Amino acid sequence: MKKTNLLLVLAFCSGFLAIGQTKVPFIEDLLAKMTIEEKIGQLNLVTPGGGIATGSVVSSNVEEKIKAAEVGGLFGISGPEKLKIAQDFAVNETRLKIPLFFGSDIIHGYKTTFPIPLGTASSWDMDLIKKMAETAAKEATADGINWNFSPMVDVARDPRWGRIAEGAGEDPFLGSAIAKAMVHGYQGTDLTAKNTMIATIKHFALYGAAEAGRDYNSVDMSRTKMFNQYLPPYKAGIDAGAASIMTSFNDVDGIPASGNKWLLTDVLRKKWGFKGFVVSDYTSVNEMIAHGLGDLQDVSALSLKAGLDMDMVGEGFLTTLKKSLDEGRVTEEEITNACRRILEAKYKLGLFDDPYKYIDAKRPKKDILTKENKTLARDAAKRSFVLFKNHNNVLPLKKTAKIALVGPLANNKNNMLGTWAPTGDPQLSIPVLEGFKNVAPKAKITYAKGANITDDAELAKKVNVFGTRVDIDKRSSEVLLQEALDLANTSDVVVAVVGEASEMSGEAASRTDISIPTSQKKLIQALVKTGKPVVLVLMSGRPLTIEEEFNLPVGILQVWHPGIEAGNAIADVVFGDYNPSGKLTATWPRNVGQIPIYHSIKNTGRPAPTEAFEKFKSNYLDVKNTPLLPFGYGLSYSSFEYSNINLSKKEIIKGEDVTVSVTVKNTGNFDGEEVVQLYLRDVVRSITPPMRQLKGFKKVFIKKGETKKVDLVLTADDLKFYNSNLDFVAEPGDFELFIGTNSNTQLKASLTLK
Ligand code: BGC
């Protein structure tokens, strides 16, 4: 289908923002030609079931439906060949030849799998995160994809929730910065380019606050908490230009998000000015029946009227909207508006100009899994690791050491990619053993499994849904353990690679016990008893409860699920080619009873002044209030000393920025990077303030012995919050600023807003 060049030029000149504000003549002409059935067809998103199906149904008769103009987009299939066939059906065999979208979940890399998002967030490196998104877009578009269901920006403060792995962690400020970087990475500056794709902010809204950390569970929260703590990353993604947004499965204030008019229209479109299109989550419209909101016709009509544009997989729109229109339950205008937003997005991609623009048989070989992409994956992985402790400076290891490399994750390909990596191939990943040999060819490395990830066969079955992740050995646990101990006893040092299988986190993978599985706990204890120096390389998709292991005389390097270059990146850090610089973006609790736990807590009227128990103070009988590891925590092989916190002004008036500076000295023996963090406390305000909120950060490289002055700008908006009327305001008064190496820092200065 061709349209006039003039139209194209006009659209390009006016930029994305103009679309939706002023109607696009080409789309209006097309809408005028469409029947109501054709419009409803555009609202239908289907999956033929080639990828991972995340619900109990996949779509049927996809080919017939495309030819019948009953499909707006497909997801879960890829590759120029297959997608060309599907696009042919749409543009050659339907009356109006409207091209299809091709969607996919590219959560942390396409075929070159990067670390899980909770890991990449720990890098606090926005350029790196943007680059990864850019690379994912380049690879995915090479395979025909033009619409990504990422980034997931749900703030998560409950590590029982398995999908904490997919997001940036607990903090709205950092989460907003990451949302922006990812949208810019995926969409670039030109969505009509062949190597950029539409980004989807998900899951709107509050999906990360599911009660008790159980996936899909109900969410109920005050509006002030919502606006101050949970909504900012969604808004940041929208402000960055994301062209689509996905609803969440949970209800908010008693109304499931997919049918929640307050969320989808009042907040998203009216308050925030969102101009893109809204897609449901997988069958989330239909799931409103189970939520108790009526039958399929009821919930479909409710969703359309609420502001939902596209229905993923459930076909409630396809099968009931016409009937609802005839019965006067929805209007033609509502259907047209939803259809317009979908067509406008296709227009933004340039699909009307060339429906095959992403379909190029030469591109996959050229753009996917390139050396350059793998180098980026290795770099991203090593920057995501967080050093928890380094007993006796056990790390870094000598490249000539005699090493017993043990543990169920030490020579394992199946768990390196992490959860939600359906487009990656686990068999291409580098296991730790191979990485060690690559980086330290002169080391004497022996390997033993030592234990199963878990001995619990029932649990293994549940996490093996997408392939074997937990492989229960035929040998007994005693035999496995003895083999590891024999190697440990004859080595200089033991490295144990332990933790969670990749599908122990992720969707529908909530846990109430988030400790290291018993089989591995026993292995760790026994290894420490040998008296040899022990390093734990810990893999997980969430914060774990590891107080027992933390108190052992060991080194601990947290590596998440590191992606395709896992083994090489771990070896880079373990052998000191890279000095760890990651910092936690979600608090690690001492036990599950402390959850939810996060750094920006509010004070109570009865704060406990010390860690010792006091009656009638806000504390527990059986555990301290403090977490095991605070937000922002992470060590380096070097050490950094902070001094001289300084403000460019001690008093400001509304609208003014202030520069906060600090001196940081690298006092250790290694060059290294440090994430300098700035926290704010509003001392007095009209609604109870958090004790600290992250308001700035900068990652700086400092050579050993060197001192750097680091400046962070606190903007006028950083002093603002949503008050009881949900107005975004700064209230005059005193503020305290804390700057340092993690959220516990005590280096402080005061600021007054006149
Ligand atoms: C997930 C979404 C995902 C969708 C499509 C759902 O189950 O919640 O994050 O984008 O499936 O795969």
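Before the first stop, one cut-off: a residue counts as buried when its relative accessible area is under 20%, and as exposed when that area is over 50%, with partly exposed in between. Keep in mind too that this is a predicted model.

**Stop 1: Gln-520**

Select Gln-520, which sits in helix α21, residues 518-529. Is Gln-520 buried or exposed? Its relative accessibility is 0%, so Gln-520 counts as buried. Now show what surrounds the side chain. One of its polar atoms lies 2.9 Å from the backbone oxygen of Ile-453. Turn to Gly-499 next: its backbone oxygen is 2.7 Å from a polar atom of the Gln-520 side chain. Leaving out residues up to four places away in sequence, Gln-520 touches Pro-408, Ala-451, Asn-452, Ile-453, Val-498 and Gly-499.

**Stop 2: Glu-500 and Arg-511**

From Gly-499, step along to Glu-500. Which residue does the side chain of Glu-500 meet in a salt bridge? The partner is Arg-511, at 2.7 Å from N to O. Both residues are in the loop between β14 (493-499) and α21, eleven residues apart. Color this pair by accessibility and you'll find that Glu-500 is buried and Arg-511 is buried as well.

**Stop 3: more charged pairs**

Side chains of opposite charge can pair when their charged atoms come close.

Go to helix α11, residues 261-271, and pick Asp-266 and Lys-270: they are four residues apart, which means about one helical turn separates them. They form a salt bridge whose closest N and O atoms are 3.9 Å apart. Lys-270 counts as exposed because its relative accessibility is 62%, while Asp-266, at 30%, counts as partly exposed.

Then jump to Lys-709 and Asp-711, whose side chains meet in a salt bridge of 3.3 Å, N to O. Lys-709 has 58% relative accessibility and so counts as exposed; Asp-711 has 31% and counts as partly exposed. For a network, select Arg-378, Asp-379, Lys-382, Arg-383, Asp-572 and Glu-673 together: salt bridges that share partners join them into one.

**Stop 4: helix α8**

Select residues 172-187, the 16 residues of helix α8. How many of the 16 residues of α8 are buried? Twelve are, so the helix is mostly covered. Among the buried ones are Leu-174, Ile-178, Met-182, Val-183 and Tyr-186.

Check both ends while you're here. At the start of α8, a side-chain oxygen of Asp-171 comes to within 3.0 Å of the backbone nitrogen of Phe-173. At the other end, α8 is followed by Gly-188, which has a positive phi, near 60 degrees.

**Stop 5**

Leu-302 belongs to helix α13, residues 296-306. With 32% relative accessibility, Leu-302 counts as partly exposed.

How values were computed:
Residues are numbered from 1 along each chain as its sequence is written. This is a predicted model: local features need pLDDT of at least 70, side-chain atom pairs count only at pLDDT 80 or more; totals for chains, interfaces and linings use all residues. Side-chain values use heavy atoms; hydrogens and water are left out. Helices (H or I, at least four residues) and strands (E, at least two) are DSSP runs, numbered from the N terminus. Buried means under 20% relative accessible area, exposed over 50%, partly exposed in between (1.4 Å probe, protein chains only). The expected span of a helix is 1.5 Å times one less than its number of residues. A polar contact is a pair of N or O atoms within 3.5 Å; within protein, one must be able to donate a hydrogen and the other to accept it, and residues adjacent in sequence count only if both atoms are side-chain atoms. Contact means heavy atoms within 4.5 Å. A salt bridge is a side-chain nitrogen of Lys or Arg within 4 Å of a carboxyl oxygen of Asp or Glu.
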